[in-house]
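My notebook is open and I am ready to look things up.

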Amino acid sequence: MYPADYRYTKDHEWIKVDGAVGTIGITDYAQHELGDVVFVELPKVGARIKAGESFGSVESVKAVSDIFSPVSGEIAEINSSLGDQPEKINHDPHGAAWLVRIKLDDPKEANSLMDAKAYQTYVDEKAQEQPA
Amino acid sequence: MTTETTAEVRKTALNSTHRRLGAKMVNFGGWDMPLEYSGILSEHEAVRTRAGLFDVSHMGEIEIRGKGALDLVQWVACNDASKLSAGQAHYSGLMTERGTFVDDLLVHKIADGHYLLCVNAANQDGDFQHIVSHNRFDTRARNVGDHYSQLAIQGPRALEILKRLTTVALGAIRYYHFTFGKVSGVECLIARTGYTGEDGFEIYFPPRHSEKLWNDLLEAGSSEKLIPCGLGARNTLRLEAGMCLYGHEIDLETTPLEAGLGWICKLEKGPFLGSEFLAAQKRTAVLRKLVGFEMLDKRIGRDGYPVMISGREAGRVTSGGPSPTLKKNIGMAYVPAENSAAGTPIEIGIRGQAVPARMIGLPFYKRPQ
């Protein structure tokens with residue numbers, strides 16, 4: 001279910017690296033935990049973002065969740081279609097509902113993040129922590 | 001919401017049913033409850049346009065019975081229960097000596113000398129202790145939450161659906177009235193009450209029948225697309241309807257007069273717990289008032305966020321979130337009484353930014369009659 005060519009954070013963001021550009025979104029696990037998404041706040045093109053720092057937020061009916069950048073770089077593009085259709089995050093979190101594209105400071109930086117298999121194990125363990 | 005750390009999490013009789021249905025579960029006031037099944041937005045819409053079914057068996061019940069039952073109810077709660085006829089219910093507040101809320105509740109008059117109080121799950125034991133400690137009347141209070149499950153079927157199609165399972169003349173039960181009768185062969189208290197702003201019923205019955213009634217209701221409503229709904233939708237529905245939630249709009253520090261609940265505060269009925277304080281507050285001044293607001297951009301003012309008037313912090317959001325029906329972001333907040341007029345511009349502090357909003361009258365949503 002989690003694309004093999006993406007990398008993942010413990011905060012449930014994903015990044016797909018294509019050369020010097022990284023595309024960032026939130027994972028299916030994250031959208032499921034949030035429930036119906038109603039609003040997304042994204043930075044402006046040209047903004048600098050740093051690994052581990054919040055660069056925006058995703059809000060569901062129930063809660064607001066910060067989005068933390070997996071890597072450092074500069075915002076090259078934002079997914080403006082989410083302004084009118086935030087619910088796309090619930091329907092296609094790994095595809096059409098990408099959040100931002102960034103010009104990577106270091107294209108190798110994402111290599112230290114979890115791969116799909118490690119992330120799957122990570123969320124499976126999380127699910128087990130929930131009371132049965 | 002409270003977080004239970006020591007006490008064991010409590011479960012309704014339908015706990016495994018909710019899990020089988022794939023509900024997302026949440027600890028609410030010490031109870032393991034369904035937050036959502038298919039999603040808060042679709043559940044909310046079902047209740048506004050068709051019907052939704054809620055397991056609200058976590059709610060507490062306290063029975064007051066005996067010659068002095070009315071005297072006890074009149075002493076601890078602020079509404080005037082002497083006005084109730086048998087088969088009638090009303091909304092009321094369980095008061096402290098300072099006229100603040102121990103809890104909010106529904107008082108059902110079953111017969112002379114016999115009342116059934118429906119109280120909040122997390123407050124049930126505290127409410128019971130409070131009532132017992134003030135019982136100097138010829139009556140007895142019993143904490144009977146474990147004797148009842150409660151299901152709420154809410155929405156414009158609720159009556160049609162419930163009709164299929166009962167011979168009781170449901171249409172004859174007026175709003176905030178109740179009767180006893182069989183639903184799907186199970187003897188129930190059937191009340192035309194709810195916490196959604198829609199027409200609907202809340203039925204009380206012995207917990208062993210929970211699964212049968214839950215399944216029979218869903219089956220009976222399948223042609224209307226009746227769906228199970230969780231506490232998430234219950235909250236967005238009651239917020240649109242401008243109804244208070246204990247721990248948010250009302251608590252041990254707020255009075256009915258501040259909360260816009262003067263209509264349940266019957267000072268003329270004679271002395272009751274907190275009545276002197278409330279009379280004084282009414283005579284002098286209510287310093288803060290509960291108001292509704294709507295956000296003027298897409299951001300959401302949520303519970304606990306600061307409210308600013310003319311650039312200065314003036315209060316806090318008590319409940320806030322998106323209104324699925326009205327397609328805007330709404331909330332309630334306490335503000336100084338002198339600045340509480342509808343239309344007053346305010347700002348909500350959202351993650352360090354002052355976001356424009358405006359006070360509007362409550363309720364936000366009123367169902368079409």
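**Entry 1: two strands of chain A**

How many bridges join strand β8 (residues 73–78) of chain A to strand β9 (residues 100–104) of chain A? I found 5 bridges, and the two strands run antiparallel. Within this pair, A:Glu77 has A:Arg101 of β9(A) as its bridge partner. For my own use I noted that strands pair if DSSP finds at least two bridges between them. I also noted that strands (E, at least two residues) and helices (H or I, at least four residues) are DSSP runs, numbered from the N terminus.

Before going on, I wrote down that this is a predicted model, in which local features need pLDDT of at least 70, side-chain atom pairs count only at pLDDT 80 or more, and totals for chains, interfaces and linings use all residues. Residues are numbered from 1 along each chain as its sequence is written, while chains are lettered from A and ligands numbered from 1 in the order in which they are written.

**Entry 2: the sheet in chain A**

I followed an open sheet of 6 strands in chain A, and its order is β1-β2-β3-β9-β8-β5, with antiparallel pairing. Which strands stand at the edges? They are β1 (7–8) and β5 (48–49) of chain A; each has a single partner strand, so one side of each is left without a neighbour in the sheet. A reminder from my course: strands of a sheet pair through backbone hydrogen bonds, either parallel or antiparallel.

Next I looked at β6 (residues 54–60) and β7 (residues 64–68) of chain A, which run antiparallel and are joined by 5 bridges. A:Gly56 has A:Ile67 in β7(A) as its bridge partner. A hairpin of 3 residues links β6(A) to β7(A).

**Entry 3: where the chains touch**

How many residues does each chain give to the contact? I read 9 residues from chain A and 14 residues from chain B. The chain A side has 5 nonpolar, 1 polar and 3 charged residues. Here Ala, Val, Leu, Ile, Met, Phe, Trp, Tyr, Cys and Pro count as nonpolar, Asp, Glu, Lys and Arg as charged, and the others, Gly among them, as polar. Two residues are in contact if their C-beta atoms, placed from the backbone, lie within 7 Å.

**Entry 4: a covered helix in chain B**

I moved to helix α3 (residues 69–76) of chain B and asked how many of its 8 residues are buried. The helix is mostly covered, with 6 of them buried. A residue is buried if 20 or more other C-beta atoms lie within 10 Å of its own, exposed if 12 or fewer, and partly exposed in between, with C-beta atoms placed from the backbone. The buried ones are B:Ala69, B:Leu70, B:Leu72, B:Val73, B:Gln74 and B:Val76. What covers them includes β4 (60–65), β5 (88–95), β6 (101–111), β7 (114–119) and α4 (124–133) of chain B.

**Entry 5: strand β6 of chain B**

β6(B) is mostly covered too, as 10 of its 11 residues are buried. It pairs with β5(B) in the antiparallel sense over 8 bridges, and B:Ala89 has B:His108 in β6(B) as its bridge partner. In the hairpin of these two strands, with 5 residues between them, B:Gly99 takes a positive phi near 75 degrees.

β6(B) also pairs with β7(B), again in the antiparallel sense, over 6 bridges. B:Leu105 has B:Val119 in β7(B) as its bridge partner. That hairpin has 2 residues between the strands, and B:Gly113 takes a positive phi near 75 degrees.

**Entry 6: the nonpolar core**

The largest nonpolar core has 138 residues, and B:Val73, B:Ala77 and B:Ile203 are among those that touch the most other members. The largest share of this core, 6 residues, comes from β6(B). Such a core is a set of buried Ala, Val, Leu, Ile, Met, Phe, Trp, Tyr and Cys residues joined through C-beta atoms within 7 Å.

Where does B:Lys225 lie? I found it in the loop between α6 (210–220) and β13 (227–229) of chain B. B:Lys225 counts as exposed because it has 12 C-beta neighbours inside 10 Å.

Last, I checked B:Pro363, in the segment after β19 (353–360) of chain B. The peptide bond from B:Leu362 to B:Pro363 is cis, with omega near -5 degrees.
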